[in-house]
Amino acid sequence: MSKILVVDDDPDICELVSFKLTALGHDVVVEHDGDGGLAAAKADPPDLVLLDWMMPRLTGLEVCVALRDDDSLARVPIVLLTAKAQEADVQRGFAAGADDYIVKPFSPRELATRIEAMLDRARR
Amino acid sequence: MAPRPEPTVRPAVIAAAFLVLILFVLAATSSTVRANRRYVAVNNSIRTAETVDAIEARMMVYTQSLNGVSAAMAVDPDLDQLRFHQIVGHLAINDRIPEVQVIGVAQRVERAELNDYTAGVKRAPGGALGYPEFQVHPDTGAEELMIITMIEPQAGNEAAFGLDLLSEDSRADTAARARDTGEPALTAPLTLVQETEDQRAVVIMVPLYEANAAASTLGQRRAAFLGVVYAAVRIDDLVGRVAADTGIPVEQLVDLRTGDSLYRGGEGSTEPLPPTNVGQLNVGGRLWSVTVATDPYVLSWAQRLLPVLTMVGGAFIGVLFVGLIVSMATARSRAHALAIEMTDELEALAQATNEAIVTLDLSNRIVGWNQGAAHLFGGESGERTGAPAAEIFAAADWPGLTSELAAMARAGSRRTPGLILELTAVNQKGDHIPVEVASSIWSARGGRFITLFVRDVTDRHEAERRIRETTETLVAVLRATTTIAVIATDPDGRVGVFNAGAEQMLGYDGHEVTRDRPDLTRFYDAAELAARADQLGLEPGFEVLVDGVAETETTTRRWTYIRADGSTLPVEVAMAAMRGEGDTMMGYVTVATDVTERMATAAAQEDALAREREMVVKLTELDQVKNDFVSAISHDLRTPLTSIVGYAEILGDVIADGHGRPMSEHVEMIERNAQRLLSLVEDLLTLSRIESGGFRLQRGPCRIDEIVGSAVDAVTPIAEARGIEVVLDLDPVPLIAGDARELERAVLNLLSNAVKFSHDGGAVEVATRNGADGLIEITVTDHGLGIPEDEQHQLFSRFFRSRLAEQNAIQGTGLGLAIVAGIVQGHGGMVGVASVPGEVTTMTIRIPLDTGGPGRLDGDGDDREVPAELSPIPSSSGEAGGRRSTDRPRPRLAGCSAPASVGASTSNGEGP
């Protein structure tokens, strides 16, 4: 069981991801904006962070960069979950330090599979 | 052409005849010896007289030939060697005067002109007629020369070609004499330079003067003197010819003045006879004595047959007398015939020329004319002979011409050339013809005659008239050119021409300018001139203006003119150099056009260009907005889709597993997100309908309170979820004719924006007012982020999104307000915004009670202009704020079903 931080300003998406991951036995923490997400990560470092891009206050990319700058959080896997689907956006996402990039709309099943794989790898 | 001179018996001959008669009467009655001697003497004196006459006749022939050449040269001063050859050919010297060695022309040349002159002869026109070998000789170094330039025949006389006559005293003296007297002059005996044998010769010179110069005084003759026409005759040939003519051998010829012996022939007479065999004659200003040999037969006959002679003396006297007369007449007629032949030749020459040549006697009657005259005046030669010359000239000209002719007659010299007069000739048809007349007076045995050389100058006058007309046309054009300034200057830049255009452009009086002749630079801006001078490295002045003109012939440049009143005028000045004959600089002409308008046009073009650039920037911005929109819309569409797809998948899994959380919750989320998608799509469709013009209002009676109520109901769940209070302040307003559904959509859009941009727990106020001017106002006020002032003007543009919305990740497509504007305008109303960012924002819809506009929404372009036309309405928002009250009673208007207030506490339990 891993602790996963989900940061997205859309409550329905948060609920959806949370439902799926909880069902798989993970401990899910939800935040609705960048500031909150960053604060939550620092307060209690998660095993994995799921980040939306377009959010009030801090954007997902800014949170991503900030996490990578924090020594204790630099190695935490980060998955960007965003509606920005262009190739240039994907590149920017990875450049900011993301480990994976999932475009909305996505299949919760696939999301779960990717997260499991990433957690496995991180544990090893 | 010329009257034939009638033979006349000279008084000397008559006197001699009488003398002979008397002598013989005396001889017959006195001693036979004396009679005998006297007989010989008489015989000798007759022979002498005959010889003298023959020499004079020869001289006359030479002189007349030379006069012919001279007359031809007066007609054609530029006569060349070819023409000279033809003229002398006409004289047929070989046949008629074979004793003449050469006829030539010597021309007076100043040393200063010598090189040019020599060069001219060397390359004389006509190619083949040039004489590259021509050389002046001998070179005496004198200031004045008289060079033989034409000789005929040339063969055997080449040595004379180029001879300077003044290099030898005898020739020089003779030429001077001819020049000063205007008469033919004869040299002392001399040896010709081309002579190869031991032969002596004399040269007869006839002076040449300028064609129309006065030559009646010594001074005038010297001034007009051009040179001489001359003939050289070997003395032996002359004597031989005379002897052949008379049959009387000449014993001796002596120049009495110098004592030179010209000729000495045979053995001199041994008989001591009376000197009756010696005669004197004046030839060409020289006094010659001629001695003839006594007839040996007469001598012997007289000595031996004296007695018989005495007896038949009377008869003999008669016979002798008759013989004398016959002999005299023979000599005369021989000379006369020759003169006639000569005249024929000259006449042929006159006939050959196109020039009209008319000969008059001293009473101004026509005595002859050539073919040219017949052509000019009409009528053949004979037809007009004897007619007064007044017939062929215009009456007005006649007095002038007669006085000129009379003056010429008085002056008397046959070599005095007449002036050239411009007169009007009248032909047989009565046409007036402009002519130029040169006249010459000459003598013949029949008296003195005047020859008029008349040249038709109609063509020349016509050409002159054309030139004059062209000039006048140009002047008129200059005068009529009032919009272009034409200014011409001399080479130093002083103004000489100043046309009407220049007057108008510069404000000066053209007459004053051309009188004062100011420097051209006066009309130019001094500062500009100085700047240009600096650029060219010149002193400021005219040189600066004409820079480059000499090389390129014309230049064009922008300058600034300074008007008389001191104002400036931008002009474009074209400048050209005016060159005269031989490429000499005559001055400059400048043509200036006012370029004020052109510059204004250029400025206007610049403006248009700037506007176009601005437009491009706007379009680029719009394109950016569109790109942003596409990006936003795809994001906004993906987000609800994510929920729908995701939940549907989970539902499927849940159903498959048969356990999990309640399905209803998931279904609700699917529905809600499907709804979100739907409204997004609907917004897009609405706007596209408005923009494509396919949007029709469904008009009907509308209750504004109901409309507002429905909108509030729709927004309530979202507002409640964020603790936002929606406060109503509804005044009763009348029914309006409108599309309730669309109006509700407009109000809802404003409301959902207000909620969207409010802080959690804030308040949104909605108010309706029955405003002045028959307008109904609906205001929606919030206290959220607000709209920066610089964005307010584009708030109603399609796809526009506030940067605050972007920064705060507030979802939206930028379509809501564009739709509001489209709907409100469709109702003939307007929508406005008043915002203090971070404090308060009030959106106002104003709709007229009479919406009577078209039932069709046509938002194309209008929506963008709306904000600029609307003024913010802070008073109503302030008023609304003042009245804001959570406990305000529900609207009292009957039928108003709008919910008064939706409390933040109201919650359906579903948090975000």
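Which side chain meets that of B:Asp516 in a salt bridge? The partner is B:Arg515, with an N to O distance of 3.1 Å. This pair belongs to a predicted model, in which a search of the whole structure finds 37 salt bridges over all chains.

**The interface of chain B and chain A**

- On the side of chain B, 25 residues are in contact with 24 residues of chain A.
- The two chains bury about 2,200 Å² between them, and carbon and sulfur atoms account for 57% of that area.
- Three residues, B:Arg638, B:Thr642 and B:Glu649, supply 25% of the area that chain B buries against chain A, which is more than any other three residues supply.
- Across this interface the rule finds one salt bridge. It is formed by B:Glu649 and A:Arg109, whose closest N and O atoms are 3.5 Å apart.
- Polar contacts between chain B and chain A number seven residue pairs, counted where both residues have pLDDT 80 or more.
- Helices α21 (596-657) and α22 (663-692) of chain B each supply at least two residues of the side that touches chain A. The greatest contribution to that side comes from α21(B), with 14 residues.
- By residue class, the side of chain B that touches chain A comprises eight nonpolar, 10 polar and seven charged residues.

- A:Asp12 lies in helix α1 of chain A.
- With a relative accessible area of 5%, A:Asp12 is buried, because the cut-off for that class is under 20%.
- Not counting residues up to four places away in sequence, A:Asp12 touches B:Ser643, B:Tyr647, B:Met669, B:Arg672 and B:Asn673.

**Chain B as a whole**

- Chain B has 29 helices and 29 strands.
- Of its 912 residues, 47% count as buried.
- Among the contacts in chain B between residues at least 6 apart in sequence, 64% join residues that are at least 24 apart.

**Helix α3 of chain A**

- Helix α3 of chain A spans residues 60-69, and its buried residues include A:Gly60, A:Leu61, A:Val63, A:Cys64 and A:Leu67.
- Seen down the axis of α3(A), the buried residues fall within an arc of 160°, so they line one face of the helix.

**A salt bridge within chain A**

- The side chains of A:Asp8 and A:Lys104 meet in a salt bridge, with an N to O distance of 3.1 Å.
- A:Asp8 lies in the loop between β1 (3-7) and α1 (11-23) of chain A, and A:Lys104 lies in the loop between β5 (100-103) and α5 (108-123) of chain A, so the pair ties together parts that are 96 residues apart in sequence.
- Both A:Asp8 and A:Lys104 are buried.

**Salt bridges within chain B**

- In the pair named at the opening, B:Asp516 is partly exposed, with a relative accessible area of 42%, whereas B:Arg515 is exposed, at 59%.
- Salt bridges that share partners join B:Arg58, B:Glu99, B:Arg241 and B:Asp245 into one network.
- The side chains of B:Glu168 and B:Arg171 also meet in a salt bridge, at 3.0 Å from N to O.
- Within that pair, B:Glu168 counts as partly exposed, at 25% relative accessibility, while B:Arg171 is buried, with a relative accessible area of 8%.
- As a general point, side chains of opposite charge can pair when their charged atoms come close.

- A:Ser2 is found in the segment before β1 of chain A.
- A:Ser2 is buried, with a relative accessible area of 4%.
- Leaving aside neighbours within four places in sequence, A:Ser2 is in contact with A:His26, A:Asp27, A:Asp47, A:Leu119 and A:Arg123.

Methods:
Residues are numbered from 1 along each chain as its sequence is written. Chains are lettered from A and ligands numbered from 1 in the order in which they are written. This is a predicted model: local features need pLDDT of at least 70, side-chain atom pairs count only at pLDDT 80 or more; totals for chains, interfaces and linings use all residues. Side-chain values use heavy atoms; hydrogens and water are left out. Contact means heavy atoms within 4.5 Å. Buried area is the accessible area (1.4 Å probe) that two parts lose on being put together, summed over both. A salt bridge is a side-chain nitrogen of Lys or Arg within 4 Å of a carboxyl oxygen of Asp or Glu. A polar contact is a pair of N or O atoms within 3.5 Å; within protein, one must be able to donate a hydrogen and the other to accept it, and residues adjacent in sequence count only if both atoms are side-chain atoms. Helices (H or I, at least four residues) and strands (E, at least two) are DSSP runs, numbered from the N terminus. Ala, Val, Leu, Ile, Met, Phe, Trp, Tyr, Cys and Pro count as nonpolar, Asp, Glu, Lys and Arg as charged, and the others, Gly among them, as polar. Buried means under 20% relative accessible area, exposed over 50%, partly exposed in between (1.4 Å probe, protein chains only). The arc is that of the directions from the helix axis to the C-beta atoms.
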